[in-house]
Structures are given as structure tokens and as C-alpha cells.
Amino acid sequence: MTPLVRIGILGTARIAKTVIPQIAASEHADVVAVGSRSLAKAQQFAGEFGIETAYGSYDALLTDANVDAVYIPLPPSMHCEWTIKAAAAGKHVLCEKPLAINAVQAQQMIEAAVRHEIVLLDAVMWYHTARAEVMRKIVLSGELGEVRQVTSAFTFPGNALADDNLRFSASLGGGSLLDVGWYCIGMSLWMLQQMPERVFATARWQNEIDLRMNGILWFPHNQMASFESGFDTIRRRWMEVAGTNAALVCDDFTKPWNAEKPRFWMHNADGTSDQNIVTHPPLERCLVDAFCQLVRSGNVHHDWLTLSLQTQQVCDALLKSARSGVVETLP
Ligand SMILES: NC(=O)c1ccc[n+]([C@@H]2O[C@H](COP(=O)([O-])OP(=O)(O)OC[C@H]3O[C@@H](n4cnc5c(N)ncnc54)[C@H](OP(=O)(O)O)[C@@H]3O)[C@@H](O)[C@H]2O)c1
């Protein structure tokens, strides 16, 4: 039997509480350690989730020879530093999204991963589901005709969060674009398979973070994308890819509203629409299994890295545009 990928967790983040049970349920991985800024917190967390070893610092966890890989659900401003440290310690890295707070950092992280021959993957989950694969195949198959427009929105009401939540902190890498817009941008690039030439964005700012952003991306070959990210409307996570013959619509692309029935629709030219359901394991498990497969393959140059870096480059340009008020050109 192939040995399990032994994963250590950096920090006691909220998201880790939903990811850990799916690592435990995976046939390919196990959680073996947690590190926190506070030993007491690490011990309590370890007790709650049945984790063998608790450390009072992230550095201590990185010295553990029983840890093959780390999961980094730290605030975005810390992703770069801890990915580079983990890579230097020879650990594979599953890093939460956004990969970093800018493309310079993202590039440094990727270079460190390649240099130390470890797998780095950003933790966007939905890419690794069977539904995403089916939707992308349809878009690339020509079934929609010539694809012209990708539109998406990912928002939720931020008033349910505490004021000190990392999403509201500029210094921790908050803001709606990096938090949820990241999914819209990544999806648009993944579906269109190219980089935009120009982008424009406008935002509602609060304490130097974008509480809501609207943006437009212009691509070669008459393709465009637009998106909305935000912390000040109800929970929405929909996308549409429109072609000259049909449109593919998904009202919950990042996470199915009903986990039993992940769905999407084909809207046809005659006004009819067909619903499709593609079931898959929990998102977190799909991600963990994809990560373990990469670790096993030893493929440190995998394609997801390119998508993460390009997503970050587009986010940089959108933030620049939202601040300057002008259209930004990408290299
Ligand atoms: N993929 C997804 O579906 C998904 C969903 C939600 C969030 N996320 C991402 O996961 C990451 C964490 O988000 P979260 O909401 O789970 O965060 P969170 O609950 O606030 O946890 C962040 C953790 O980072 C550690 N930390 C270290 N320095 C910190 C500081 N100065 N301020 C706050 N925390 C600090 C803390 O652990 P210790 O105190 O134990 O060291 C804390 O528990 C973000 O990048 C977010 O975008 C991804």
C-alpha cells in the first residue's frame, strides 16, 4: 500500500476545521501535527481533532521529520513567508487562497517550490471536482459556439464576521477581490485559457480594503469577462459562460448549495434549458486527493501553478485599476 501523505497544519484557522475531517477521510492522507502561535491553543485543537502532535510555533512543526506536507490556512499576508520556509524544510505545501498578496510574492513561492523540489498547490477546491471538469470540457468542446463572455459573482454578507476578521484587514491581505474575487478571476482564466490584455475595476473601499469590487477583463479574440466580489450583499456564487450558440450557467460553482446535487444548466438558443447534475465527494476531499496525487507524482511544475500566478497577476492589475480609476494594460 502506498504510504499516506502525512500533513501538518500551520495555525488553528476556522477553515482548517472543515478541511481536517476530509484529510482524515481521504485514503491518501493523514493529519499528524498542528502548530499554533500558542501551545495551549495547538493542544486544544489537537485534542478536538485527534491530532497526535501539537507545537507552540510554526517553526517547530517544520522541523518534524514525520511531516511530509503542510497545509497553510494562515492570513494571506503570511502565505509567502511560510510557504518559503516550509519549502526550505523539504515539506510539500497546500496553501490557502489567495496564493499570496501580490504576484511578486506568488512568483517567489513558486520559485522556492521548484528549487526545493516540493509540490505547491493553492487550495481552491472546486477546480478538482467532477462537476468542474464536465463544465470546462463543455466550454472547450465548442458546444457553446464561439465563447464570448464569462460573467460571475462571489459575495457574502460580511456583517456576520467580527470586525477583526482578516478579510477586513489591509495588513493581513484582506479585501473582497483576494478573498472571493480570486475564484471569479481564476474561473475566467481557466475557462478562457488565456490572459486578458486589459482590465478595469471599481471598488467600494473601507479602511483600505475593497469591500466590493466590479471589474471587466478584455481578452484577445473578442472575449470578455466581468465579475463582482463583495462582503456587502447576500451569499452568491454563480457563473455564466456565454457563446454564440448556448450559455452554461452554474449558480454555485465554488460550492454546491446542495452537496448531493451539484448542478448546472445549458441555456439553449431556443429558450429551453437543460439541467445537469454531476455528483462528487466533498470539495475538501477532492482538493486533498488532488494534492496527494501531485505529491505522489513528484510533478513540481504542474499546470495549477501557472493558473495561480496568472490569477495573482490579474488581481494585481485589477487592484491597481480600482485605485487609479484607469484601464490597466497587462504585459
Ligand atoms: N478554500 C476555501 O474554501 C477557504 C475558505 C475559507 C478561508 N480560506 C482561506 O484560508 C485562510 C484562513 O482563513 P480563515 O477565515 O479560516 O482564518 P482564521 O480563522 O482567522 O485563521 C487564521 C489563523 O492564522 C493564524 N494567525 C497567525 N497570525 C495571525 C494574525 N496576525 N491574525 C490572525 N490569525 C493569525 C491563527 O492561528 P494560531 O493563532 O493558531 O497560530 C489563526 O487561527 C485565508 O487565506 C482564507 O482566504 C479558504
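The shell around the ligand in this predicted model comprises 10 nonpolar, 4 polar and 6 charged residues. In total, 20 residues surround the ligand, and both domain 1 (5-124) and domain 2 (126-284 + 312-329) contribute at least three residues each to that shell.

**Ligand shell**
- The closest residues to the ligand are Gly 11, Ala 13, Arg 14, Ser 36 and Glu 96.

**Domain arrangement**
- The protein is divided into domain 1, covering 5-124, and domain 2, covering 126-284 + 312-329.
- The centres of domain 1 and domain 2, taken over C-alpha atoms, are separated by 26 Å.
- Contact between the domains involves 15 residues of domain 1 and 16 residues of domain 2.
- On the side of domain 1 that touches domain 2, helix H1 (16-25) and H5 each supply at least two residues.
- H1 gives the most to that side of domain 1, with 3 residues.
- The side of domain 1 that touches domain 2 is made up, by class, of 10 nonpolar, 4 polar and 1 charged residues.

**Helix H5**
- Helix H5 spans residues 103-115, a run of 13 residues.
- From its first C-alpha to its last, H5 reaches 18 Å, close to the 18 Å expected at 1.5 Å a residue.
- The buried residues in H5 are Gln 105, Ala 106, Met 109, Ile 110 and Ala 113.
- An α-helix has 3.6 residues a turn, so residues three or four places apart point the same way.
- Glu 111 and Arg 115 are exposed on the other side of H5.
- The packing partners of the buried residues of H5 are helix H4 (79-88), strand S5 (92-95), strand S6 (120-122) and helix H9 (303-324).
- Glu 117, which follows H5, has a positive phi near 55 degrees.

**Helix H4**
- In H4, the buried residues are His 79, Cys 80, Trp 82, Thr 83, Ala 86 and Ala 87.
- The elements covering the buried residues of H4 include strand S1 (5-10), helix H3 (58-62) and strand S4 (69-72), as well as S5, H5 and S6.
- Just after H4, the phi of Gly 90 is positive, at about 80 degrees.

Note on methods
Residues numbered from 1 in each chain as written. Predicted model: local features only at pLDDT ≥ 70, side-chain atom pairs only at ≥ 80, totals over all residues. Near = placed C-beta within 6 Å. Nonpolar A, V, L, I, M, F, W, Y, C, P; charged D, E, K, R; others polar. Domains from an automatic or database assignment. Helix = DSSP H or I, 4+ residues; strand = E, 2+ residues; numbered from the N terminus. Expected span 1.5 Å × (residues − 1). Buried ≥ 20, exposed ≤ 12 C-beta atoms within 10 Å, placed from the backbone. Contact = placed C-beta atoms within 7 Å.
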